[in-house]
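Hello,

Here is the structure we talked about. Please open it and keep it beside you while you read on.

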Amino acid sequence: MTVVKVSKGHTLFKEGAEDDRLFVVLEGKLKLGKSSTDGRENLLSILGPGEMFGELSLFDPQPRTSTATAVTDVRLLALAHEQVIGLVTAHPRVALELLKALAQRLRRSNDTLDRKSTRLNSSHTDISRMPSS
């Protein structure tokens, strides 16, 4: 485990970067954002003390799916893949808590998609009811 400090406005990692660490926010606030096709940033979340992020790369060694930027000065605890595997092997309850956090994040993502889909369908219905010229 390593403590990492990131100054306000600085980036911890960028979308597409290779990295296998899980982070836990000890102090400060950090935002996760994703680039849209038109180049704008879509804010995914703001994280504060006690919250973790970066867990996808622990189990699926793909590039980062978002960019992490410090909103304030931040202190993080970083755990590499081998450290997390050792921790969950020695302490199965940690694995259960990690799975719980992943399930909660997946549930929030599904809720967000449902809301966007509902708005899109609503907009489509409104347009289809417009009188034709």
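**The sheet and the helix across it**

Helix H2 (residues 81-90) lies across S3 and S8, and it runs at about 70 degrees to S8. Bear in mind that this is a predicted model.

Now look at the sheet under discussion. Four strands form an open sheet, in the order S1-S8-S3-S6, with antiparallel pairing. Strand S1 (2-6) and strand S6 (52-53) stand at the edges. Each has a single partner strand, so one side of each is left without a neighbour in the sheet. As background, strands of a sheet pair through backbone hydrogen bonds, either parallel or antiparallel.

S3 and strand S8 (residues 74-79) pair over five bridges, in the antiparallel sense. To find your place there, look for Phe23, which stands opposite Ala78 in S8.

Six bridges join S4 to S5, and the two run antiparallel. Gly33 stands opposite Leu43 in S5. S4 and S5 form a hairpin, with five residues between them. Check Gly39 in the turn: Gly39 has a positive phi of about 90 degrees.

S4 also pairs with S7, in the antiparallel sense, over four bridges. Here Leu32 stands opposite Ala68 in S7.

Where is Asp19 placed? Asp19 sits in the loop between strand S2 (11-13) and strand S3 (22-27). Is Asp19 buried or exposed? Its relative accessible area is 18%, and buried means under 20%, so Asp19 counts as buried.

Which residues does Asp19 touch, not counting residues up to four places away in sequence? They are Phe13, Ser57 and Arg64. The side chain of Asp19 makes a polar contact with the side chain of Arg21, at 3.1 Å. Another polar contact of 3.1 Å joins the side chains of Asp19 and Arg64.

**Salt bridges**

Side chains of opposite charge can pair when their charged atoms come close. How many salt bridges does the count come to? The count comes to six salt bridges.

Start with Arg64 and Asp19. Their side chains meet in a salt bridge of 3.1 Å, N to O. Arg64 lies in the loop between helix H1 (56-59) and strand S7 (67-70), while Asp19 lies in the loop between S2 and S3, so the pair ties together parts that are 45 residues apart in sequence. Arg64 is buried, and so is Asp19.

Next come Glu41 and Lys31. Their side chains meet in a salt bridge of 3.3 Å, N to O. Glu41 lies in strand S5 (residues 41-47) and Lys31 in strand S4 (residues 30-35), so this pair ties together parts that are ten residues apart in sequence. Glu41 is partly exposed, with a relative accessible area of 42%. Lys31 also counts as partly exposed, at 24% relative accessibility.

Then look at Asp38 and Arg40. Their side chains meet in a salt bridge of 2.9 Å, N to O. Asp38 is partly exposed, with a relative accessible area of 48%. Arg40 counts as exposed, at 58% relative accessibility.

Last, a network. Salt bridges that share partners join Asp19, Arg21 and Arg64 into one network.

Best wishes

Technical notes: Residues numbered from 1 in each chain as written. Predicted model: local features only at pLDDT ≥ 70, side-chain atom pairs only at ≥ 80, totals over all residues. Heavy atoms only, no water. Buried < 20%, exposed > 50% of the residue type's maximum accessible area, 1.4 Å probe, protein only. Polar contact = N/O pair within 3.5 Å; in protein donor to acceptor, adjacent residues only side chain to side chain. Contact = heavy atoms within 4.5 Å. Pairing = 2+ DSSP bridges. Axes fitted to C-alpha atoms, helices over the stretch in contact; angles between N-to-C directions. Salt bridge = Lys/Arg side-chain N within 4 Å of Asp/Glu carboxyl O.
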